[in-house]
Amino acid sequence: MSSKSVQQLDRVVIRFAGDSGDGMQLTGDRFTSETAALGNDLSTLPNFPAEIRAPQGTLPGVSSFQLHFADHDVLTPGDAPDVLVAMNPAALKANLRDLPRGATIIANTDEFSKRNLAKVGYTENPLEDGTLDSWHVHSVALTSITVEALAKFDSLSRKDKERAKNMFALGLLSWMYHRPTTGTEAFLATKFGARPDILAANLAALKAGLNYGETTEDFAVSYEIAPATMPAGTYRNITGNVALAFGLVTAAHRAGIPLVLGSYPITPASDILHTLSGLKRYGVTTLQAEDEIAGIGAALGASFGGAIGVTTTSGPGVALKSETIGLAVSLELPLIIVDVQRGGPSTGLPTKTEQSDLLQAMFGRNGESPVPIVAPQSPADCFDAGLEALRIATTYRTPVFLLSDGYLANGSEPWAIPSVADLPDLTVEFATEPNATDDKGGAVFHPYLRDEATLARPWAVPGTAGLEHRIGGIEKANITGNISYDPDNHDLMTRLRAAKVERIADTIGPLEVDDPSGEASVLVLGWGSTYGPIAAAVRSVRNSGGTVARAHLRHLNPFPANTGDVLRRYDRVLVPEMNMGQLALLLRARYLVDVHSFTQVRGLPFTTVELADAIMSLARGADDDSISPVATHRGLA
Amino acid sequence: MTTDLGMPSTGLPRGTAGVPRLPDDAARQTKREFTSDQEVRWCPGCGDYAILAAVQGFLPELGLRRENIVFVSGIGCSSRFPYYLDTYGMHSIHGRAPAIATGLATSRPDLSVWVVTGDGDALSIGGNHLIHALRRNVNLKILLFNNQIYGLTKGQYSPTSELGKVTKSTPMGSVDHPFNPVSLALGAEASFVARTMDSDRKHLTEILRAAAEHRGTALVEIYQNCPIFNDGAFDVIKDRTEQEARIVHLADGHPVQVGPEAARQVLVRAAGGSLEFVPEAEAQGREVVVHDAAAHDPTQAFALSRLDSPQMTHVPMGIFRNVDRPTYDDLVRAQVEAAIDTAGGRAGDADLDALIRGRDTWTVA
């Protein structure tokens with residue numbers, strides 16, 4: 001056992017940073033799994049460039065993975081790292097400004113060569129010239145120690161040996177924070193099962209990292225973080241994209257209908273396609289289409305045939321799918337459009353998060369074309385959002401938008417795994433019989449004869465005798481579905497389609513407000529992935545004696561029925577969004593409430609500190625301008 | 001990396017297998033049963049009427065259950081087609097019918113899925129979906145009504161209009177080089193390509209029958225007259241005397257020839273690989289082209305498609321290519337079924353529980 005001292009901590013934020021090819025995402029993933037296994041609560045934030053392998057050692061090539069873990073519940077990946085692992089000078093330079101003074105830096109000195117320093121504009125070595133005096137720096141020759149530890153592996157090239165340095169770093173950090181490495185060892189055994197020499201080298205590097213922490217005098221202290229108190233249950237760690245894929249499969253299973261995914265690869269949504277394409281055994285059919293339009297077309301065709309059609313994409317793909325979404329509105333068929341939002345406009349920031357497709361989902365089609373919108377609030381919540389999207393789509397025979405984002409997609413958190421049998425029954429009823437009689441008394445089928453409660457039309461699938469019918473994008477006569485250009489009919493059908501979407505509010509719960517004191521005058525209202533940062537900021541304000549209420553919208557269309565009442569109950573309403581105020585615009589228009597918009601589009605989630613400041617300043621009655629969209633930009637503040 | 005798909009190369013379904021049929025002793029279906037109650041709204045004299053009548057007349061003889069037949073169309077005059085058939089139908093959006101039909105055909109092996117499209121719908125706005133349906137060989141029958149003009153938008157040139165065509169949008173003549181739909185389809189790896197004409201009911205029906213029996217994507221180009229915006233586009237091959245000299249009837253196993261007996265010309269292979277017609281008397285000693293729609297190599301079929309010219313000197317009609325190739329939808333379904341079989345049957349709640357649990361779990365008491 002170690003003779004070194006052990007300190008207890010309640011929370012730690014670690015950021016692993018290196019070149020895109022250094023394996024930082026894998027290192028972060030493994031450390032996360034080790035942490036989850038220990039029972040800490042956690043939240044993660046991968047951050048990587050769109051380029052697969054940007055030029056080595058440059059700032060654009062830096063890839064990082066941040067992990068926040070604690071002995072209590074964790075709401076965000078953490079504002080600022082306590083520990084930065086910098087695999088090269090670029091990683092140091094790109095991340096130093098986020099690092100509070102006094103934090104720990106573990107730097108791979110082997111990569112701090114003159115050439116690498118020059119690549120990022122360092123004229124002197126910051127590890128040696130006093131630049132980092134305000135931080136606690138561990139200079140470790142990670143690469144050469146790893147290569148040395150692997151000296152006996154004759155069959156491996158020097159390059160292969162160097163590649164194992166991320167496992168050395170993982171070993172060192174695992175020692176520092178008392179993480180078990182058995183999970184990683186099993187993971188490596190699976191990953192490198194076919195290459196015993198590579199497997200042995202990675203295991204040896206991992207072990208060398210652990211030993212290095214144990215023996216070297218540079219690391220005098222290690223840390224323990226007690227498990228968090230979490231509700232009873234079986235947990236796993238899960239990313240948003242995987243949770244969403246599982247949610248869709250489980251929803252289709254509970255509905256008793258096949259899932260058909262029509263998709264075209266796009267960052268950051270492709271992992272949903274990858275995951276679902278591996279789930280054929282669960283009756284899932286995936287089609288990688290020739291383009292975004294064909295992806296949703298195939299999904300809609302499958303829905304016409306009685307499956308739940310799903311298409312997964314990001315904002316640029318939604319733009320291409322718009323016409324087909326409009327067709328689905330007109331056909332009144334179930335369809336799920338998953339938009340994993342990223343920075344825009346145009347190609348924008350493919351690997352960075354944003355919430356700027358809300359208005360696109362709401363209005364981005366020709367004509368009056370209402371589409372329900374569901375938004376998950378955390379990575380694990382993507383599972384439930386998938387179930388809810390299917391429920392709305394099949395119950396109301398409508399396309400549904402599911403708005404995830406890059407942060408939810410790649411971020412992860414512990415998830416209390418539900419029992420499938422306990423999930424809602426989503427059984428679908430198809431039309432099997434004629435539903436009307438013609439003027440001669442014969443049985444006929446009217447495809448647009450609606451259910452009185454939901455206003456949904458019957459779902460009659462091909463293969464059902466006696467219900468043959470034609471549907472299309474041309475306006476249809478109410479009830480019969482025949483082509484109609486009648487002015488009054490179009491007015492009626494437009495209002496019926498709108499009313500049907502409004503009716504969804506009857507089956508979603510009210511907007512719940514977290515206002516423990518009941519005395520708050522400020523309400524913070526969010527949607528989607530800002531849940532964690534808002535909840536953390538509200539907690540921080542309350543801890544410092546402030547009162548503030550908090551609510552979060554899962555349904556953006558329609559809004560819960562009591563939304564207007566909630567908004568009017570508070571003197572001031574703050575709406576933080578990773579866009580320029582899209583929800584705020586909708587709320588102002590719909591409820592005539594003068595909400596205060598707090599916005600940023602930096603491709604990253606809000607930090608707790610900046611949100612807490614915004615809440616405090618609104619609570620103090622600060623002038624509106626201080627939180628206007630322009631003024632919140634850092635450069636202009 | 002490629003992998004063995006684990007799929008049988010033989011034993012995949014053939015023809016319309018999988019689509020429920022009427023019992024042998026059932027009353028014959030009638031054209032009337034396939035006719036919907038909707039008023040047909042094409043212009044008087046439109047070639048679409050003849051095609052509709054041929055389809056309504058030919059569908060009953062397939063013996064398939066009417067409720068298992070689906071027509072999907074895009075946008076354009078021809079795309080109103082589904083409204084007039086009492087089957088399941090979808091009038092979708094411009095150019096996208098092959099994509100929508102792909103999703104339907106892949107998820108429902110028990111349906112006979114037909115796409116109705118035009119030269120603008122299929123070859124212009126929807127060109128991408130058409131070529132990808134053809135290369136995948138989805139089990140779809142695509143009826144491409146080619147009138148060489150945009151009708152529904154009132155008379156602009158289309159991707160099959162001839163160079164120099166004067167239309168509303170090309171007052172000085174079109175500078176767009178046209179597509180040859182048959183060449184395009186063959187280049188897109190099509191397994192079945194045929195050409196027929198609205199006014200030849202018998203030939204049209206024969207081709208539709210062959211298309212229906214083909215498992216895979218069948219592309220049928222149908223020359224169709226638009227009496228309003230491009231009247232007479234095909235008159236030269238509809239004229240009884242002219243057509244004999246111009247139409248090349250493709251007959252499997254027979255030499256490719258054209259013209260009345262007295263002036264018969266025979267197709268021979270020319271230097272450089274192209275084909276040329278020569279008078280029958282001069283064919284001696286030349287390599288005469290014998291049509292083989294089932295040839296694996298599409299080179300000869302492609303060369304036949306290049307006999308076309310804007311002057312319609314020679315117009316091949318019939319089936320250019322008809323080969324067996326596993327269909328996309330059969331393969332997709334076979335993979336799903338293989339995955340289910342390997343796992344020991346369809347997934348139940350417990351299987352879903354195991355899936356979402358994964359391998360790395362921990363329990364909090």
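Which side chain meets that of Arg136(B) in a salt bridge? It is the side chain of Glu290(A), at 2.8 Å from N to O; a salt bridge here is a side-chain nitrogen of Lys or Arg within 4 Å of a carboxyl oxygen of Asp or Glu.

Good morning, colleagues. This is a predicted model, in which local features need pLDDT of at least 70 and side-chain atom pairs count only at pLDDT 80 or more, while totals for chains, interfaces and linings use all residues. Residues are numbered from 1 along each chain as its sequence is written, chains are lettered from A and ligands numbered from 1 in the order in which they are written, and side-chain values use heavy atoms, with hydrogens and water left out.

I turn to the interface as a whole. Chain A contributes 70 residues to the contact and chain B 59 residues, contact meaning heavy atoms within 4.5 Å. Together the two chains bury about 5,300 Å², with 60% of it on carbon and sulfur atoms; buried area is the accessible area (1.4 Å probe) lost when two parts are put together, summed over both. In chain B, the most area is lost to chain A by Tyr88(B), Ile356(B) and Trp362(B), together 17% of what that side buries.

Four salt bridges are found by the rule across the interface of chain B and chain A.

Finally, the strands. Strand S19 (residues 470-472) of chain A pairs with S2(B) in the parallel sense over three bridges. Strands are DSSP runs (E, at least two residues), numbered from the N terminus, and two of them pair if DSSP finds at least two bridges between them. Within this pairing, Gly89(B) in S2(B) stands opposite Arg470(A).

Conventions: Helix = DSSP H or I, 4+ residues; strand = E, 2+ residues; numbered from the N terminus.
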